[in-house]
Amino acid sequence: VGADVVGEGAQVTVWSEEPCYKISDAKGSHPAREDMDGVRVERFARLPFWRAVRLVRLLDQFLFPVRVAARAVLRRLKGDHYELVWTATIPPIASGLVARLAARLFGARLLYHCQDLYPEIACQMGIWRKNGWIYAVANALERATRARADLLVTLSEDMANTVRALAEPRRLAIINNFALD
C-alpha cells in the first residue's frame, strides 16, 4: 500500500518495531532506517535482552506506544507534518490512543484498522471483568478512538456490526486480511 501511495506522489513514513511475527524474525537485525520502495521505514530498537527475558519483552511492548508518542511530539516540534496517521489495534487500546493523539497533534486524519475488538475480546477470554475498572477505562478510551477515527477498518461484516453497536464510527470499511507469500 505504501509504495502505491508513494507512486501517486505522497511521502510515506512507517514507524515500527523490529519484526517479530516469526521465530526467524527474531534472529536477524534490521536497519534503524531504510527506504523500501520509496517508503521510509524507521524502526525502534528492541530493549537489551529482549530475546532472553520475558519481563523485558513485556516492558518493550508496554513502552512501544510511549516511544511512538514521544517521537510524534519531537517530530511536531521539529516541524514535520503528516496528513494521515494509520494504526492497527496492537498493542490493544494504547495503539489507537497514541495514534489518535498523534493525528490530533499533526492535524492529520486517523485510519484505525481494527484487527481485534478490545476490550471486548479480553472480557470474552476472561482476562478482564466486564464490571471492573480496567475494562471501564479501556472501554472508554477505545470507544472514543473508534468514534473519532476518520476511517475505521474491520475484517468482516460481523465485526462491523459489533463496532456500530458500540460506537458509531464516522466512516467504516470492511477489508479482510490477505495471505502473504
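**Entry 1. T145**

I looked up the contacts of T145 (heavy atoms within 4.5 Å). Leaving aside neighbours within four places in sequence, T145 touches G96, L97, R100, L110 and Y112. I placed T145 in helix 6, residues 133-148. Helices here are DSSP runs of H or I with at least four residues, strands are runs of E with at least two, and both are numbered from the N terminus. T145 is buried, with a relative accessible area of 0%. I used these classes: buried is under 20% relative accessible area, exposed is over 50%, and partly exposed lies in between, with a 1.4 Å probe and protein chains only.

I note that this is a predicted model, in which local features need pLDDT of at least 70 and side-chain atom pairs count only at pLDDT 80 or more, while totals for chains, interfaces and linings use all residues. Residues are numbered from 1 along each chain as its sequence is written, and side-chain values use heavy atoms, with hydrogens and water left out.

**Entry 2. Helix 4**

I then turned to helix 4, which has 13 residues. From first C-alpha to last, helix 4 reaches 18 Å, close to the 18 Å expected at 1.5 Å a residue; the expected span is 1.5 Å times one less than the number of residues. I found S95, G96, V98, A99, R100, A102, A103 and F106 buried in helix 4. The buried residues of helix 4 pack against helix 3, strand 4 (84-88), strand 5 (109-113) and helix 6. Just after helix 4, G107 has a positive phi of about 65°.

**Entry 3. The second largest pocket**

I recorded a volume of about 190 Å³ for the second largest pocket. A pocket is an open set of points on a 1 Å grid over the protein atoms alone, where a 1.4 Å probe fits, with protein on both sides within 12 Å along at least five of seven lines; lining residues have an atom within 4 Å of a point. Grid points are joined across faces, edges and corners, and the volume is the space filled by probe spheres set on the points. The lining of this pocket consists of R100, L101, A103, R104, A108, L110, R148, D150 and R170. Helix 4 gives the most to the lining, with four residues.

**Entry 4. Helix 3**

Helix 3 (residues 54-78) has 25 residues and spans 35 Å from first C-alpha to last, close to the 36 Å expected. I noted a bend of about 35° at L63, with a proline, P65, following within four residues. The bend is the angle between axes fitted to the seven residues ending at a residue and the seven starting there. Buried residues of helix 3 include F64, P65 and V68. The buried residues of helix 3 pack against strand 1 (13-17), strand 2 (33-36), strand 3 (39-44) and helix 4 (94-106). Just after helix 3, G79 takes a positive phi of about 105°.

**Entry 5. Loops and backbone**

I located D37 in the loop between strand 2 and strand 3. D37 is exposed, at 64% relative accessible area, and its phi is near 55°, a positive value in a residue other than glycine. D37 and A3 are 34 residues apart in sequence and 5.6 Å apart in space, C-alpha to C-alpha. Leaving aside neighbours within four places in sequence, D37 contacts A3 and V6.

I found I93 in the loop between strand 4 and helix 4. I93 is not a glycine, although its phi is positive at about 65°; at 9% relative accessibility, I93 counts as buried. P91 lies in the loop between strand 4 and helix 4, and the peptide bond from I90 to P91 is cis, with omega near 0°.
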